Amino acid sequence: MRRMSTSMDSKELDSRPSLNRDRSFWGMTITQFLGAFNDNLYKQLMLLLAIPVAASASAFQQDQQDIVTIVFSLPFVLFSGFAGYLSDRYSKSRIIFLCKCAEILAMVLGALAFMMYPSTGYTGLLVVLFLMGTQSSFFGPGKYGILPELFRSSDLPRANGIILMTTFLAIIFGTVSAGLLGDFLIEDDRPLADSASRLAIGSIICIGIAIVGTCTSLLIRRIPPAIPNLAFRPSALTMAPETRKALWRDRPLLVAILVSSVFWLVSGIAIQAVNSLGLVQLGVNKTKTSILTAMIGMGIAVGAVLAGRLSRGHASGGVIRIGLWGIIATLVLLSISIPRSNAPSSAAAVEIQSEESQIASNDVAAVQTRYRHLLGFSG
């Protein structure tokens with residue numbers, strides 16, 4: 001009875017509202033959703049634009065999707081340590097608001113980069129993408145670190161689950177929306193500079209989303225700094241010695257981090273491969289290609305739910321192994337390429353291409369003569 005009363009007292013002392021009635025929860029969820037949506041919308045627009053760039057470039061410059069992915073990911077490697085220090089030293093709610101303001105600026109620069117593509121080229125877009133990655137790297141530690149400070153411990157599992165689910169939904173919708181905008185704005189028969197300039201309309205949409213996300217971040221209640229007197233150390237730029245020692249002692253945690261890193265590495269490579277598969281090999285439009293890419297996020301979301309149910313409340317190495325072998329099996333299936341039996345031979349393809357080019361030039365007489373020769377007539 002005494003233990004129960006103590007528990008009751010601790011609950012009564014916690015005046016924070018329940019999750020459903022907490023406007024900070026909904027503000028945090030919507031803010032995170034819109035930020036992830038914007039990141040994936042802009043990044044996928046650039047990935048789709050990277051493949052036409054390759055078609056008009058030299059063989060050495062083909063397929064710049066890898067450059068896009070590296071440029072967006074690099075700030076997370078460079079700045080995440082310092083961002084973690086700031087999220088402890090200052091109010092996380094304040095940092096989240098400032099990061100959303102920075103997102104508005106990045107989206108404005110993104111629209112300008114698309115408009116100025118004829119003069120700045122793909123380099124201008126990459127600079128903006130780096131700034132977006134930088135903004136996201138500073139947003140991340142505050143976003144995840146603020147959850148235990150905002151919500152009651154009993155509400156944390158549900159809050160994490162909902163925010164994770166909406167994040168993957170944002171990835172899916174942002175990726176598919178980029179395909180729809182790409183088909184609407186990019187015309188394959190027009191110069192690449194014209195298509196890139198038209199994509200500024202998509203960036204204007206991103207500006208509006210960033211403004212809405214900044215407004216919803218104001219719903220998050222002000223949280224005092226976790227460690228207001230935290231001194232800066234050079235190790236804050238990378239990883240604190242205490243963290244390294246903790247990881248070295250806790251081998252299961254270290255292995256989990258490595259496995260998670262490999263998972264996201266494979267995911268990043270798979271997105272590029274699926275984009276090329278859709279646009280180049282299958283020859284489908286940008287919307288269908290983006291839907292193919294979005295299925296990766298859909299699979300992750302569904303797999304996360306299934307893994308949670310199969311684990312039955314505790315970490316399960318068996319479930320993880322099933323997931324890893326599933327990734328290997330599906331990647332093997334994706335890599336299989338079966339040639340079509342009804343595909344024309346290379347000689348016939350050259351012949352067809354020659355005839356089409358003659359028809360395009362309206363050289364009717366030449367076409368008639370060529371067909372008579374092919375049918376065996378003389379004179």
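Mentor: Asp88 has a relative accessible area of 27%, so it counts as partly exposed. Keep in mind that this is a predicted model.

Trainee: Why is Asp88 called partly exposed?

Mentor: Because buried means under 20% and exposed means over 50%, and the 27% of Asp88 makes it partly exposed.

Trainee: What makes Asp88 and Lys92 a salt bridge?

Mentor: The closest N and O atoms of Asp88 and Lys92 are 3.8 Å apart. The rule asks for a Lys or Arg side-chain nitrogen within 4 Å of an Asp or Glu carboxyl oxygen, so the pair of Asp88 and Lys92 is a salt bridge.

Trainee: How do you know that Lys92 is buried?

Mentor: Its relative accessibility is 3%. The limit for buried is under 20%, so Lys92 counts as buried.

Trainee: What other partner does Lys92 meet in a salt bridge?

Mentor: Glu149, with 2.7 Å from N to O. This pair links distant parts of the chain: Glu149 is in helix α6 (residues 147–150) and Lys92 in helix α4, 57 residues apart. Glu149 is partly exposed, because its relative accessibility is 25%.

Trainee: Are Lys100 and Glu103 buried or exposed?

Mentor: Lys100 is buried, with a relative accessible area of 1%, and Glu103 is buried at 3%. Salt bridges with shared partners also join Asp88, Lys92 and Glu149 into one network. By this rule the structure has four salt bridges.

Trainee: How do you know that Cys99 is in no disulfide?

Mentor: The structure holds zero disulfides. For Cys99, the nearest cysteine sulfur is that of Cys101, 9.2 Å away. A disulfide needs two cysteine sulfur atoms within 2.5 Å, so Cys99 is in no disulfide. Cys101 is likewise in none, its nearest cysteine sulfur being that of Cys99.

Trainee: What accessibility labels do Cys99 and Cys101 get?

Mentor: Cys99 is buried because its relative accessible area is 8%, whereas Cys101 counts as partly exposed because it is at 31%.

Trainee: Let us turn to the nonpolar residues. What makes a set of residues a nonpolar core?

Mentor: Its members are buried nonpolar residues joined through side-chain atoms within 4.5 Å. The largest nonpolar core here has 34 residues, and those with the most contacts inside it are Tyr42, Met46, Phe114, Tyr122, Leu125 and Leu129. Two or more residues come from each of α2 (23–55), α3 (65–89), α4, α5, α7 (156–185) and α9 (200–217). Helix α2 gives the most, with nine residues. Apart from this core lies another, of 20 residues, among them Phe25, Tyr85, Ile220 and Ile223.

Trainee: Which residues form the nonpolar patch on the surface?

Mentor: Leu105, Val108, Leu109, Leu112, Met115, Met116, Val127, Leu131 and Ile204, with about 750 Å² of accessible area together. Both α4 (92–115) and α5 (117–145) supply at least two residues, and the largest share, five residues, comes from α4.

Trainee: Why is Leu105 called exposed?

Mentor: Leu105, found in helix α4, is at 52% relative accessibility. Exposed means over 50%, so Leu105 counts as exposed. As a general point, nonpolar side chains in soluble globular proteins tend to be buried together.

Trainee: How many helices and strands does the protein have?

Mentor: The secondary structure comes to 15 helices and zero strands. Of the 379 residues, 36% count as buried.

Terms used. Residues numbered from 1 in each chain as written. Predicted model: local features only at pLDDT ≥ 70, side-chain atom pairs only at ≥ 80, totals over all residues. Heavy atoms only, no water. Patch = residues over 30% accessible without salt bridge, like charges linked within 9 Å, V, L, I, M, F, W, Y side chains within 5 Å. Areas by Shrake-Rupley, 256 points an atom, 1.4 Å probe, with all protein chains shown as cover. Helix = DSSP H or I, 4+ residues; strand = E, 2+ residues; numbered from the N terminus. Buried < 20%, exposed > 50% of the residue type's maximum accessible area, 1.4 Å probe, protein only.
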